[in-house]
Amino acid sequence: MTLPASPLVSNAGLATHAPHAANALRRSLFALGRPALTVLPGLLMASSVAASAYLVRRLPGMTTLSPLILAILIGTALHNLVGTPALAKPGIGFSLRRLLRFGIILLGFQLTISQVIEVGSRGFLIIAATLAATFLFTVWMGRLLGVDRKLAQLIAAGTSICGASAVIATNTVTNARDEDVAYAVACVTVFGSVAMFTYPLLPGLLHLDPHAFGLWTGASVHEIAQVVAAAFQDGKAAGEFGTIAKLSRVMLLAPVVIALGLLAARNPEKNDPASTSARPPMPWFVLGFLAVVGLNSLIAVPSPDKALIATVTTFLLSVALAAMGLETDIRELRAKGLRPALLGTLAFIFIASFSFTLVKLFG
């Protein structure tokens, strides 16, 4: 016959095991908190650089530069002048991966299906044809010039799609070095800025009405901010249509990155074996971007909320680019020489002239 356990025996057992349970719980909580503590220094450092980019942007003559560009410039300067502490490395990696992908997903709130429809089938075909032709031309020309294939793809994406955002999104599947990313961002920034200042001088000379000028600007200028700055110089109609055309072009970021991911998975000999085997052929964050575009098309998000989301998106991408700058060595940038810069120049000339021809013929 089994006797029931005495309360004294039960309490003694609890007293014996309680310290062990408490110690196990403390170890578990510490194990969970340790990754967060490891990430925190680098995350704070990259965030501080991004915040300083916003402050620098308030200075006279700096307002035309986006926080993304200033963040990578400040981060690169800090890394090469002072150095990035080893303690910050995990947080910088976190910013380059997690925050970057989340920021790209949030970009979907800047676009709706109705905006794409507003561009019209002819306008959208001009944008898509320009993007595809520019990307292929840049990669082909990069091969002729002897530019590294991954760097050529980054310059191609930044020129043909949406500047720095496209460069860092494309790098999630090309897996290029941080110096390649910095070089590509520099290229699209320089030539996007050239377009921003020169395009407003050309509508009269090239006989472009506001609709045609907006379409040309949206189809060929690199960054969204640069498109807005250039297109609105020709009036409200040109500015609004140029912005919508550019956002439609941004939507094509998703299929381009997916296609590059599939190519990387099918051609592992051309990529780093470790990164190719570990990376899914279809980047999940791109599907998230498309899902957000669909959600934004179905649900009317209040303007104040959209403005807040846009601010958060820009800051997250700025943190990611600041982290990239904190890992960029200028000596390795110099070692690449002038060939990538020549490639960026030729890509800029091609996208401007090709899109202009299509706009004049079919726009």
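H5 passes H7 in a right-handed crossing. This is a predicted model, and in it the axes of helix H5 (residues 149-162) and helix H7 (residues 178-198) come within 9 Å, crossing at roughly 35°. On the H5 side, the contact is made by Leu151, Leu154, Ile155, Gly158 and Thr159. Facing them from H7 are Asp180, Val181, Tyr183, Ala184, Cys187 and Val188. Sorted by class, the contact of H5 with H7 comes out at 8 nonpolar, 2 polar and 1 charged residues.

Aromatic rings come next. The structure holds 8 aromatic pairs. One of these joins tyrosine 54 to phenylalanine 315, with 6.0 Å from centre to centre and 45° between the planes. With that angle, the pair counts as tilted. Tyrosine 54 belongs to helix H1 (residues 7-56) and phenylalanine 315 to helix H15, so to speak a link between distant parts of the chain, 261 residues apart.

Helix H15 turns up again around the largest pocket, to whose lining H15 gives the largest share, 5 residues. The pocket itself has a volume of about 420 Å³. It is lined by 20 residues, and the closest to its centre are Ser66, Leu68, Ile224, Ala225 and Thr314. Two or more lining residues come from each of helix H2 (67-81), helix H10 (224-231) and helix H15 (303-325).

Rolling a probe the size of a water molecule over the atoms shows where empty space is left. Here the count comes to 2 cavities of 30 Å³ or more. The second largest cavity has a volume of about 30 Å³. By class, the lining of the second largest cavity has 5 nonpolar and 2 polar residues, and no charged ones.

Terms used
Residues numbered from 1 in each chain as written. Predicted model: local features only at pLDDT ≥ 70, side-chain atom pairs only at ≥ 80, totals over all residues. Heavy atoms only, no water. 1 Å grid on protein atoms, 1.4 Å probe; cavity = no way out; pocket = protein on both sides within 12 Å on 5 of 7 lines; lining within 4 Å. Points joined across faces, edges and corners; volume = space filled by probe spheres on them. Helix = DSSP H or I, 4+ residues; strand = E, 2+ residues; numbered from the N terminus. Axes fitted to C-alpha atoms, helices over the stretch in contact; angles between N-to-C directions. Left-handed = near helix turned anticlockwise from the far one by under 90°. Contact = heavy atoms within 4.5 Å. Nonpolar A, V, L, I, M, F, W, Y, C, P; charged D, E, K, R; others polar. Phe/Tyr/Trp six-rings, centres within 6.5 Å; stacked < 30°, edge-to-face > 60°.
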